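Hello,

Here is the structure I promised to pass on. Please open it first, then read my notes below.

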Amino acid sequence: KTKAPKISNNAQPLGKRHRTASSDVEAPEPTSIGNSAMEPASALQNLLLGLPVEIFGEICSFLDAIDLRHLSLTDETFWSVLVSPKSESIWRRAFGRAVRPMPQCPETMSGPDYARFMLEDSCMACQQKSSTPSFDYFHRIRYCDSCHRTNIISRAQVFRSYPDFPSEFLKYLSSNAAGSDDASLAIYRGRWYGSKRQYHKATIGEVSKLWESLSETMDTPALANARLMERLQKYADNRIESGLKMNAWHMAVRECKRAELAKIKEERRTGILAKLLELGHQEIDFPRWHVEVEKSVALTDEGRRYKKFYPQTALHLTGFICVTEWERVRPIVEGAAESNKSNRIWHQNWRRWNERSQALTGLWDGAVADASGTRAVYLAERSVCPDFNDFLDLPPAAELIAADGEGISAADQDSIRPQAVQFAIQGRRRTLTKLHNILKGLPLDQTNEEEWSSLSNDEAIAKLDTIAAELAQAVSGFWDPKRKVVDWYPSSYFRERYLDSGVLSPAEGLAPGLIARMLESIGKNLDTEAGVVHVTSWNGRKPVQFRCARCDESVAPYLTFSDMIAHFLERKAWFHKASLAREKALAENPSLSHHTFFDDHDWNSEGDIIVSDTAHDKARVTKLQNQLEVTYGNDPEDYDGEDFTTRSRRSAKQEPERRTRRICRLCPEGFAPQPMYFATLKIHIEHM
């Protein structure tokens with residue numbers, strides 16, 4: 001019978017290799033632990049060495065496989081006995097006493113090597129522990145990443161080391177050997193890192209030597225190849241059969257460990273919960289997912305049994321005594337339970353407050369609608385009423401929210417409805433009165449409390465509607481000097497605290513007659529409401545834009561009604577400054593020649609000052625402005641001189657994108673208009 005080739009798996013412990021007298025298994029000498037090799041044998045060791053083999057075997061039958069492995073490394077005699085064929089029954093009983101009986105030890109492996117491969121977790125080359133060891137059940141090795149790269153090579157590396165190595169041998173020397181039914185015998189390590197490396201360097205070397213030896217003894221190379229392939233076939237079949245069993249056992253053990261860990265965790269959770277309940281805590285506050293609760297450390301003797309069954313996995317576990325472990329974790333889990341209780345109470349209070357306050361939302365909306373009178377159709381009208389949070393601070397509303405219970409009944413809401421309407425009316429009256437005083441130039445807080453107090457709710461609402469209608473006119477704008485814009489009621493939000501700052505002033509006082517002329521230019525009368533000409537984007541409508549009729553069409557901007565007012569005010573301020581500068585210069589040197597200087601943005605002069613272009617007129621003006629850009633050329637600093645009029649645009653109606661704005665240096669310093677684009681600056685210089 002042809003024997004399978006004996007191929008080393010590099011799984012022997014470190015030490016000088018020798019052959020025992022009672023076994024044909026090649027094995028290394030045991031590695032000394034500490035300085036034990038240099039010290040005299042202990043009395044116990046001498047006693048064990050002097051025992052008959054049968055009694056020594058009976059003693060060893062009570063040891064686990066990992067204990068036998070450690071014993072075999074302590075003395076040369078122990079090693080010789082435990083690796084000999086006579087010790088097969090000892091190892092078989094040890095492997096059978098595992099939590100899950102281990103597969104039978106392969107014929108080509110000794111008991112210590114089998115125990116080392118199956119039960120330990122360190123690298124079999126460098127002896128270092130790794131969190132992600134590379135198991136290979138075909139080669140029967142376990143390597144760390146570094147040793148895996150050193151000892152497991154790719155097909156290309158095989159032929160670089162052994163150029164004449166027959167390629168047909170490789171299919172019997174791989175973790176993916178033929179006949180494995182695609183079963184995983186080696187850990188997957190990535191497409192380019194793991195799948196390319198699948199040959200054991202030492203095995204390849206031994207097969208190469210065996211092939212060379214057979215080639216010398218056989219008549220022809222083909223006969224040598226056939227003889228060796230027959231042996232390699234049996235070698236691969238044996239490795240695949242045993243490897244699948246080893247892999248299945250490891251998977252079953254891992255599943256058993258997971259189940260055991262889950263059992264210990266559940267017992268730990270149950271024990272900690274029982275302790276907390278005894279201390280007066282509630283189960284709802286139990287910190288179930290706390291790290292101390294989820295540890296794989298039992299509070300009972302189950303932890304000791306776990307440590308005994310799985311010594312390598314349980315090395316990190318501490319505190320197996322119930323009292324000791326509980327005293328350690330008690331302050332931690334009690335603090336977590338108290339924290340959970342505080343959070344639970346806070347969330348309950350917040351949820352109850354939120355539910356009860358939301359129940360008053362409909363009540364407040366109705367009160368605001370009643371207080372807004374005939375102008376309640378305007379959503380922005382409600383901005384002058386107090387905020388909902390202010391209403392919640394009202395004593396009747398605060399008492400309802402603070403009361404016990406999950407909700408607020410309709411009867412309770414009806415009981416505070418008159419106070420809610422009165423509160424909304426008072427807030428609206430304060431805001432509208434202050435706006436009216438600003439418009440008329442009166443003190444901000446001036447009001448006739450006696451007159452208002454004598455009015456009923458309906459009479460007060462009717463009077464407020466009259467004031468609101470006057471404030472809503474387009475001529476009743478309010479100038480904000482900080483933002484340099486004009487705000488109108490009710491399209492802008494006027495909060496009472498904003499009015500108390502005193503920054504607003506009547507737009508008519510700043511630019512007398514400007515708004516009236518603008519309305520006249522677009523065919524509107526003085527009673528036109530601001531909402532007709534000043535449309536904001538907050539209500540979902542596109543803002544209406546107008547073109548300045550006093551600017552040259554080639555550079556005239558399209559602006560909103562509010563921005564157009566700011567545009568005329570800016571031109572007026574510039575003309576005033578420039579006029580003062582010219583008068584000063586001419587007074588100092590009367591002989592200077594000068595041209596006529598006039599204000600082309602004087603809104604009191606004849607003619608329209610703004611234009612509401614149709615779509616056709618706007619397209620014509622836009623085309624004219626684009627042609628002006630081409631005629632005057634490009635700003636040399638925009639796009640490095642590239643013609644930006646030909647650049648791609650987001651839409652055909654969008655004017656060319658421009659970047660650089662410039663200041664006119666011909667105007668006196670500090671009196672030039674705001675920075676302008678290149679073409680606009682040329683128009684400014686030509687006109688001035």
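**What covers helix α6**

The cover over the buried residues of α6 includes α3, α4, α5, β3 (134-136), β4 (141-143) and α10. Bear in mind that this is a predicted model. Helix α6 is mostly covered, with 8 of its 9 residues buried. Those buried residues are Gly111, Pro112, Asp113, Tyr114, Ala115, Arg116, Phe117 and Met118.

**The nonpolar cores**

Phe117 turns up again here. The largest nonpolar core has 44 residues, and Phe117, Phe165 and Leu173 touch the most other members. Several helices each supply at least two residues of this core: α2 (53-60), α3 (65-72), α4 (76-82), α5 (88-96), α6 (111-119), α9 (201-217) and α10 (221-278). The largest share comes from α10, with 9 residues.

Look at Phe165 next. Leaving out residues up to four places away in sequence, Phe165 touches Val158, Phe159, Leu170, Leu173, Ile204, Val207 and Ser208. There is also a second, separate core of 39 residues. Leu360, Ala367, Ile401 and Ile425 are among its members.

In soluble globular proteins, nonpolar side chains tend to be buried together.

**A nonpolar patch on the surface**

Now the outside. Trp346, Trp350 and Trp353 form a nonpolar patch on the surface. Together they have about 390 Å² of accessible area. Trp346 lies in helix α12 (residues 322-359). Is Trp346 buried or exposed? Trp346 counts as exposed because its relative accessibility is 53%, and the cut-off for exposed is over 50%.

Best wishes

Technical notes
Residues numbered from 1 in each chain as written. Predicted model: local features only at pLDDT ≥ 70, side-chain atom pairs only at ≥ 80, totals over all residues. Heavy atoms only, no water. Patch = residues over 30% accessible without salt bridge, like charges linked within 9 Å, V, L, I, M, F, W, Y side chains within 5 Å. Areas by Shrake-Rupley, 256 points an atom, 1.4 Å probe, with all protein chains shown as cover. Salt bridge = Lys/Arg side-chain N within 4 Å of Asp/Glu carboxyl O. Helix = DSSP H or I, 4+ residues; strand = E, 2+ residues; numbered from the N terminus. Buried < 20%, exposed > 50% of the residue type's maximum accessible area, 1.4 Å probe, protein only. Core = buried A, V, L, I, M, F, W, Y, C linked by side-chain atoms within 4.5 Å. Contact = heavy atoms within 4.5 Å.
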